[in-house]
Amino acid sequence: MFRKSYEFFIVFLKSIMDEKVSLAWSILLPVLLFFSINYSWFDAKPDVSKAVYYYASFWAFSTVLVVFNGIGLRLTDFREWGILKSFVFICGSKVPIIGGLLLTQIVFGLVTLALFTFVISVVFAYPVFLLFLTAACTYLLVLLPLFMLSLSIASLSVRASSAYTIVNMMIFPATYLAIYRGESTDFFSTMLYYLNPVEYVFRFSVFTYEVLTNNLQPNSNHLFLFIISLVYIMIGSIAWPKIKIASTVRRT
């Protein structure tokens, strides 16, 4: 099974490399947004303990975009065009296909975060290794819950174009809400906010940085990261058997 997943991983990775414009844009967009929003840093930059919050917001934006587009939405696209049905017919199961997509996003996500972190850290003279280690550890820790959550997209009987539009339209307000909302004090509102995948990754990034720098703040909200991880995994477990291999919107 792993060998089949690896073979699909190679196929999907080559497909990403062939999409040069899309690849370049997914890497350049966070960098350009960061410079446009934080241009004042060229005059006076914050220290790294404050800057990490800005990094975390862009890590969260990129991570959610990579995982949702690369797994949930890609599966929806495969199903609509009959590719998923053909792949399953060849290998006998949808597990290797989904496994191959997951492996692809591990590589692609880490490369995207590495390039973003390297460029910003070099320009503003921040510790590159520490910040990339924070981004990489966060990405690997949140990948499984986000992967499972993204399967809920593939389980819906909607057109791929509609799914792409909805997800990519929601990512910007979700990012804004994660960064600029006020602090919540009660359990239910905090849980509701943490269900936002961008906020989940944002908070996880800050938590990881605090752990790596041995500066963990006593904050009960850290428990919510574990709870939300379980919720995402549970959602994915429910969605998994609902992922159909035949298109529900066109004849394939």
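A nonpolar core is a set of buried Ala, Val, Leu, Ile, Met, Phe, Trp, Tyr and Cys residues joined through side-chain atoms within 4.5 Å. In this predicted model, the largest such core has 68 residues. The residues with the most contacts inside it are Trp59, Leu75, Ile97, Leu146, Leu151 and Tyr200. Helix 3, residues 48–80, gives the most to this core, with 16 residues.

**The chain as a whole**

The protein chain holds ten helices and zero strands. Read from the N terminus, its elements run α-α-α-α-α-α-α-α-α-α. The chain has 252 residues, and 48% of them are buried. It exposes about 12,800 Å², with carbon and sulfur atoms supplying 71% of that area. Among contacts with a separation of 6 or more, 82% join residues 24 or more positions apart.

**Inside the core**

Leu151 shows such contacts at work. Leaving out residues up to four places away in sequence, Leu151 touches Ile71, Leu75, Ile98, Gly236, Ala239, Trp240 and Ile243.

Phe12 sits in helix 1, residues 2–18. Its relative accessible area is 4%, under the 20% cut-off, so Phe12 is buried. Beyond residues up to four places away in sequence, Phe12 touches Phe78, Phe87, Ile97, Gly100, Leu101 and Thr104. Phe12 and Leu103 are 91 residues apart in sequence, yet their C-alpha atoms are 9.3 Å apart in space.

How do helix 3 and helix 4 meet? Two packed helices are described by the angle between their axes and the distance between the axes. The axes of helix 3 and helix 4 (residues 83–91) come within 4 Å and cross at roughly 85 degrees. That angle falls in the range of 65 to 115 degrees, so helix 3 is roughly perpendicular to helix 4. Helix 3 makes the contact through Leu75, Phe78 and Arg79. Helix 4 answers with Ile83, Leu84 and Phe87.

Helix 5 covers residues 95–124, which is 30 residues. At 1.5 Å a residue, the helix should span 44 Å. Its end C-alpha atoms are 43 Å apart, so the two values agree.

**Loops and the end of the chain**

Most residues other than glycine have a negative phi. Ala125 has a positive phi of about 60 degrees although it is not a glycine. This residue comes just after helix 5, in the loop between helix 5 and helix 6. Asn214 also has a positive phi, near 55 degrees, and is not a glycine. Asn214 belongs to the loop between helix 9 (197–212) and helix 10.

Ser155 lies in the loop between helix 6 (128–154) and helix 7 (160–180). Setting aside neighbours within four places in sequence, Ser155 is in contact with Arg79, Ala239, Lys242 and Ile243.

Ala246 lies in the segment after helix 10 (222–239). In sequence, Ala246 and Gly82 are 164 residues apart. In space, their C-alpha atoms are 6.5 Å apart.

| Residue | Relative accessible area | Class |
|---|---|---|
| Ser155 | 16% | buried |
| Ala246 | 32% | partly exposed |
| Ala125 | 59% | exposed |
| Asn214 | 74% | exposed |

Key: Residues are numbered from 1 along each chain as its sequence is written. This is a predicted model: local features need pLDDT of at least 70, side-chain atom pairs count only at pLDDT 80 or more; totals for chains, interfaces and linings use all residues. Side-chain values use heavy atoms; hydrogens and water are left out. Buried means under 20% relative accessible area, exposed over 50%, partly exposed in between (1.4 Å probe, protein chains only). Helices (H or I, at least four residues) and strands (E, at least two) are DSSP runs, numbered from the N terminus. Contact means heavy atoms within 4.5 Å. The expected span of a helix is 1.5 Å times one less than its number of residues. Accessible areas come from the Shrake-Rupley method with a 1.4 Å probe; for residues, only the protein chains shown count as cover. Axes are lines fitted to C-alpha atoms, for helices over the stretch in contact, and angles run from 0 to 180 degrees between N-to-C directions. Angles under 35 degrees count as roughly parallel, over 145 as roughly antiparallel, 65 to 115 as roughly perpendicular and the rest as oblique.
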